[in-house]
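User: I am new to this structure and would like to learn how to read a helix pair and a pocket in it. Could you take me through them in turn?

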Amino acid sequence: MSWIDFFTKKKASGAAQQQKTRRRYIYGRFLLISTVILVVAGLCVVFLLNTTVVHADEWNAKGDRTMAQTREIEPLRGEILASDGSILATNLHYYNVRIDYRASRINELRYLESIDSLADTLARYYPQRSRAEWYEVLHKPMEMPKKDRSRSYLLLKHIPFDEMQRVKQFPYFRRWKNPNRTGFTSERVLLRRYPYGEMARLSIGRVGQTTENPQVRGISGLEQALDSMLYGEPGEAKKVLFTRGTAYWTTRPAVNGTTLTTTIDVTLQDLLEHELGQMLVDCKAEWGSAMIMEVATGDIKAISNLDRDTVGGHGGYIESMNHIVQAYEPGSVIKIISMLAALEDGYVNLNQTYPIGHSYAYAGGKPIRDTHSPAYLPVSRFIEYSSNIGMTKLIAPHYDGNLNGFRERLRELGFFDRFNTGMARERPPYYPTLDVKAGGRVSLSRMIFGYATQVPPLYTCAVYNAIANNGKFVRPRLVKAMRLADGTDSVIPVSYVRDSICSSKNARILREMMHEVVWGEGGTAKGLRNPIVEIAGKTGTAGIALERPRDKDGKLILTSIPFKGGYREGKHNRVAFCGFFPYENPKYTCIVVISDPQGPYGPAATSGTVLRNVALKMYSRGMLGNHSDYAAEPVTGTMPTLYGTYRSDRSSLLHRDLKLTRAGILQTALRSKRQPSTVPDVTGLGIREALVILEEAALKVHFTGTGYVTSMVPEGGTKVVPGTRIRVTLSQN
């Protein structure tokens with residue numbers, strides 16, 4: 001064998017061995033893969049059997065639960081509108097701006113470089129934080145490891161859409177449009193908003209969440225009382241299976257809430273709140289409440305409740321509790337209602353004279369006292385002088401045999417019927433059941449002139465409104481129309497508690513009695529006389545009884561300490577005035593209640609003054625059916641008087657705001673420099689300011705002419721006694 005054959009044979013043997021090894025390797029891999037496939041297939045079969053056979057019931061139940069998941073679709077809450085369609089409560093979309101500090105492509109280096117400029121810009125547009133504070137807010141998340149950073153770090157809360165768009169253009173955020181690079185995210189939220197702010201806050205109400213109900217529902221005022229209508233009906237979405245997974249499918253759409261049109265007049269509301277607030281500041285009262293009703297319809301045109309702010313620290317007044325629907329001892333304003341019952345019972349002789357005196361002990365009780373009345377009075381003047389003794393002698397003996405007859409008489413008049421005005425926590429009057437053995441006769445005598453009972457101002461005003469309405473007891477209302485979710489409008493008609501609370505004759509008698517309270521010789525509200533708008537009404541004063549503590553919504557705060565009744569020590573009174581205007585053709589009824597005014601302030605000087613000022617301002621705006629008649633004046637060579645006032649600062653306003661460079665200033669004695677018991681010098685003033693100053697000096701004013709005061713008799717500075725008649729001449733020259 002040659003060496004060539006030897007190497008050839010050896011090479012062939014090596015190739016065969018290599019091929020054999022390769023074949024074994026392939027067979028091994030095939031066997032391994034086949035084994036793995038068989039094992040996996042076996043496991044699949046095992047798990048399949050376990051799922052579909054052994055634990056089939058459990059998996060079927062889990063699938064049913066998943067596909068049965070539903071989600072509530074919250075409806076859009078209905079709006080609340082003023083009587084002219086102005087929006088009082090609505091829903092607006094706002095945005096929360098957040099930063100995702102764990103965004104996949106966030107550029108941390110660029111962010112750290114931009115913090116300075118971003119903090120500067122935020123401090124400029126949102127100065128609630130300083131630049132340093134914004135810097136800390138922006139830098140603090142970066143101090144943590146990335147895995148611990150927030151994915152929704154709140155930067156700005158509840159900002160409008162235009163501001164959210166502006167924030168997008170701030171340094172760093174505008175560098176990239178991709179939010180994964182900046183971490184910028186915005187979240188849209190729907191919020192309840194009130195364009196007129198705190199105006200009629202307690203009547204309109206507010207919304208919120210409670211621990212019992214996480215939904216945003218009404219918690220006060222109309223928002224609470226009519227919450228079911230405003231909220232609407234929630235819809236439902238069910239989880240269903242689609243080709244690419246599961247998602248929620250709307251099975252029942254939400255029905256949006258009803259839009260309510262209220263009776264609130266925005267202009268009147270503003271007038272009433274301003275006058276009441278100013279009076280509370282002047283007399284440093286505890287709280288004040290006022291309401292204006294339209295005589296013919298019972299529409300509540302304005303309502304204001306102001307309490308001294310004991311939390312804010314600024315000493316002002318804020319909306320806190322709806323006193324209009326809370327019950328208090330009403331004082332002498334209730335005498336009109338007592339006289340109404342007596343007239344309807346038919347035992348009143350207006351010409352009969354009763355001895356009054358200074359005090360009168362009835363049924364063995366503490367003597368009843370009069371501070372306004374003369375020795376003798378006819379029944380027709382009991383209201384004028386606000387005689388407690390006269391009212392007791394007139395009414396109480398007729399119910400000696402049936403102490404609860406007086407209460408039942410008021411019930412027949414509809415005085416205890418619920419009005420359902422739409423204001424939350426509305427309470428009816430409370431007249432206790434009397435027992436002769438438990439001092440019932442004494443309690444009856446007190447009820448007649450406003451004690452031993454509790455009446456909400458709302459109910460007192462409603463009865464006065466019925467008298468002004470010639471006996472028609474119209475139901476007070478705060479809502480006059482509704483717009484349903486389908487766009488259908490529904491007008492709520494005027495309704496009546498009673499078609500007639502009294503005869504037209506008795507209504508006229510009561511109106512005349514209230515007229516004499518202001519215009520009569522012995523009237524307790526003589527200081528409210530004003531020939532521009534003739535008002536009629538009744539004053540009332542009551543001691544402030546100790547009350548169980550209540551929260552801001554009027555709910556009783558229950559304590560383990562026993563409650564002891566009585567009245568506040570010292571001179572603490574709650575004063576009221578309720579009346580209507582204009583007298584000859586009543587259009588509006590108004591009640592004003594002020595609690596604990598400080599100083600020598602009576603009901604006419606406080607509550608009555610608020611009513612009078614509102615009436616005058618309504619007249620000046622043509623809201624009482626009046627209109628201005630301007631007549632052309634002859635042209636003269638002298639400058640006319642544009643405005644007369646005792647306040648020197650107002651002339652600067654004319655120069656600055658109206659650019660009246662040629663206007664002259666008329667100098668007159670300031671009211672603050674007037675000596676006591678002298679006539680104030682009002683020469684040059686308009687009739688309105690002149691009347692205010694002269695009547696504050698307790699002087700009777702008789703004026704002639706139009707324009708501005710040109711002469712006075714007696715002249716300014718003359719010593720006089722209170723009650724002296726001053727003759728004022730007005731002229732345009």
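Analyst: Start with what an axis is: a line fitted to the C-alpha atoms of a helix over the stretch in contact, with angles running from 0 to 180 degrees between N-to-C directions. Note that the model is predicted.

User: At roughly what angle do the axes of helix α3 and helix α4 cross?

Analyst: Helix α3 covers residues 108-125 and helix α4 covers residues 131-139; their axes cross at roughly 140° and come within 8 Å. Angles over 145 count as roughly antiparallel and those from 65 to 115 as roughly perpendicular, so α3 and α4 are oblique to each other. The crossing of α3 past α4 is right-handed.

User: Which residues of α3 and α4 meet?

Analyst: From α3 come Y111, L112, I115, D116, L118, A119, D120, L122 and A123; from α4 come R131, W134, Y135, L138 and H139. Sorted by class, this contact has ten nonpolar, three charged and one polar residues.

User: Now the pocket. How is empty space found?

Analyst: A probe the size of a water molecule is rolled over the atoms, and this shows where empty space is left. Here the largest pocket has a volume of about 1,600 Å³.

User: Which residues lie nearest the centre of the largest pocket?

Analyst: R612, L691, V692, E695 and E696 do, out of 41 lining residues. Elements giving two or more residues to the lining are α10 (266-283), α18 (604-620), α20 (687-696) and β25 (700-704). The largest share, seven residues, is from α18.

User: How many residues of the lining are nonpolar, polar and charged?

Analyst: The lining of the largest pocket has 18 nonpolar, 14 charged and nine polar residues.

Note on methods: Residues are numbered from 1 along each chain as its sequence is written. This is a predicted model: local features need pLDDT of at least 70, side-chain atom pairs count only at pLDDT 80 or more; totals for chains, interfaces and linings use all residues. Side-chain values use heavy atoms; hydrogens and water are left out. Helices (H or I, at least four residues) and strands (E, at least two) are DSSP runs, numbered from the N terminus. Angles under 35 degrees count as roughly parallel, over 145 as roughly antiparallel, 65 to 115 as roughly perpendicular and the rest as oblique. A crossing is left-handed if the near helix is turned anticlockwise from the far one by less than a right angle, and right-handed if clockwise. Contact means heavy atoms within 4.5 Å. Ala, Val, Leu, Ile, Met, Phe, Trp, Tyr, Cys and Pro count as nonpolar, Asp, Glu, Lys and Arg as charged, and the others, Gly among them, as polar. On a 1 Å grid over the protein atoms alone, a cavity is a set of points where a 1.4 Å probe fits but cannot get out, and a pocket is an open set with protein on both sides within 12 Å along at least five of seven lines; lining residues have an atom within 4 Å of a point. Grid points are joined across faces, edges and corners, and a volume is the space filled by probe spheres set on the points.
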